[in-house]
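Hi everyone, thanks for coming. I'll walk you through one structure today, so please keep the picture open while I talk.

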Amino acid sequence: MFVSAIGVAVPEHRYTKSDCWDAFATSEWFERLTPRSRALTRAVLQHDNGIEARFLALDSLDEVFAIDPDTLQRRFATHAPRLASAAGMQALTRAGLSAHQIDAVIVSTCTGYLCPGLSGYVSERLALRRDVQGYDLVGQGCAGALPNWQLASALTDSGQCEHVLSICVEVCSAAMYLDDDPGVLISACLFGDGAGAAVLSRRPPAAGRTLQWQHTASMTDPTAREALRFEQRAGLLRNILTPAVPGLAARYAHEVFLSALDDARLKPADIRTWILHAGGRDVLLAIQKDFDLTPEALRYSSDTLRQYGNLSSAFVYFVLEAALTNNAPGGWWWMSSFGAGFSCHGALLSVS
């Protein structure tokens, strides 16, 4: 399987950490939370957390504080199809393909639910063929991009599809919840909205760089499920985020990485470029330590985190686009995502 093109999309409005703190400090929620919670929020938003700004599907930050199930569901239903289709259209344009050349569309999300799923909305907006295969993947959290591509690989390698449109879209602002739980508050300060798309093909593109999906590995540890997951409470999606996450993410990411290297008979030094889900600043620092990497090696992930926040499953598309835009050196690239489950996935890309 080959990567023909990448596309990304974000909402129109960008909000800095300072914007978010000012909105919170003047909201009714400021007094509703405990002094400890207010101090934690201040620490996250007024100190270096690896994020400078986020794009959110909000006309005003005041909308964040209208927390009820119907409002959040409308936000997801309005913006998820729009962002997914915008990223998909950009990927199609960059690949030089028409909508009728797409044989399957796979859409992953964890921040909302629609039935029929997002694949149908994307097919409608992009005018894909009526016989296009549509797949909706849910419940995989920030890890969702790689399972999406694993399915695309099965479809292309088997000869069922010539071109697959892979999309991850997250409207994290449709799953933001405020209370005195530290994990909930930190989540509200870290996540942004956006979509990433890729055209994945049986054959390499006629022009441009060649990115080929070569070896993939995955692992899931259900015993660590409670460390990172969503739950529903009073009709609201609530993110469970615990202090164990950075250590778990680094350990499992390293395990998957070594497994893929062993299958490919490669060494860590063979990797030229790193395409990693960041999670957050502390997660990146833990990965840097466990993998024995320099900050420069993780620059595409850290730069993406700084500009967009944690985009959940869509994040690695933005990192991959940054590496391509900056003409990162060819050779072996390592792409990895991790999240709810606790799950982790990775893939080796050969790039020329």
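When I say helix or strand, I mean DSSP runs, H or I of at least four residues for helices and E of at least two for strands, numbered from the N terminus.

Two housekeeping points. This is a predicted model, where local features need pLDDT of at least 70 and side-chain atom pairs count only at pLDDT 80 or more, while totals for chains, interfaces and linings use all residues. Residues are numbered from 1 along each chain as its sequence is written, and side-chain values use heavy atoms, with hydrogens and water left out.

Back to aspartate 292. Its phi is positive, about 55 degrees, although it is not a glycine. Why mention that? Most residues other than glycine have a negative phi, and most peptide bonds are trans. Aspartate 292 counts as exposed, at 70% relative accessibility. Here, exposed means over 50% relative accessible area, buried means under 20%, and partly exposed is in between (1.4 Å probe, protein chains only). Arginine 265 also has a positive phi of about 55 degrees without being a glycine. You'll find arginine 265 in the loop between α8 and β11 (271-276), and it is exposed too, with a relative accessible area of 79%.

Now for the cis peptide bonds. One joins cysteine 115 and proline 116, with omega at about 5 degrees; proline 116 lies in the loop between β4 (104-109) and α5 (118-126). Another joins glycine 341 and phenylalanine 342, with omega at about -10 degrees. Phenylalanine 342 belongs to the loop between β12 and β13 (343-351).

In soluble globular proteins, nonpolar side chains tend to be buried together. A nonpolar core, for us, is a set of buried Ala, Val, Leu, Ile, Met, Phe, Trp, Tyr and Cys residues joined through side-chain atoms within 4.5 Å. The largest one here has 78 residues, and Trp149, Trp274, Trp333 and Trp334 have the most contacts inside it. Helix α8 gives the most to this core, eleven residues. There's also a second, separate core of 28 residues, including Val122, Leu128, Val171 and Ala195.

Next, the aromatic rings. Rings of Phe, Tyr and Trp (its six-membered ring) pair if their centres lie within 6.5 Å; planes under 30 degrees apart are stacked, over 60 edge-to-face, and the rest tilted. How many aromatic pairs does that rule give? The count comes to twelve. Take phenylalanine 257 and tryptophan 334: their ring centres are 5.2 Å apart and their planes are at 65 degrees, so this pair is edge-to-face. Phenylalanine 257 is in helix α8 (residues 245-264) and tryptophan 334 in strand β12 (residues 331-339), so the pair ties together parts that are 77 residues apart in sequence. Both residues are buried, and together with Trp274 and Phe291 they form one aromatic cluster.

Helix α7 (residues 182-190) is worth a look as well. Seven of its nine residues are buried, so α7 is largely enclosed by the rest of the structure. What covers the buried residues of α7? The cover includes α3 (35-46), β3 (53-56) and β10 (236-241).

Finally, charges. A salt bridge is a side-chain nitrogen of Lys or Arg within 4 Å of a carboxyl oxygen of Asp or Glu, and this structure holds 15 of them. In one, glutamate 12 meets arginine 82 at 3.1 Å, N to O. That pair links distant parts of the chain, 70 residues apart: glutamate 12 is in the loop between β1 (2-9) and β2 (13-16), and arginine 82 is in helix α4 (residues 69-95). Glutamate 12 is exposed at 57% relative accessibility, whereas arginine 82 is partly exposed at 25%.

Another salt bridge pairs aspartate 103 with arginine 129, at 3.2 Å, N to O. Aspartate 103 is buried, with a relative accessible area of 15%, while arginine 129 is partly exposed at 23%.

Key. Contact = heavy atoms within 4.5 Å.
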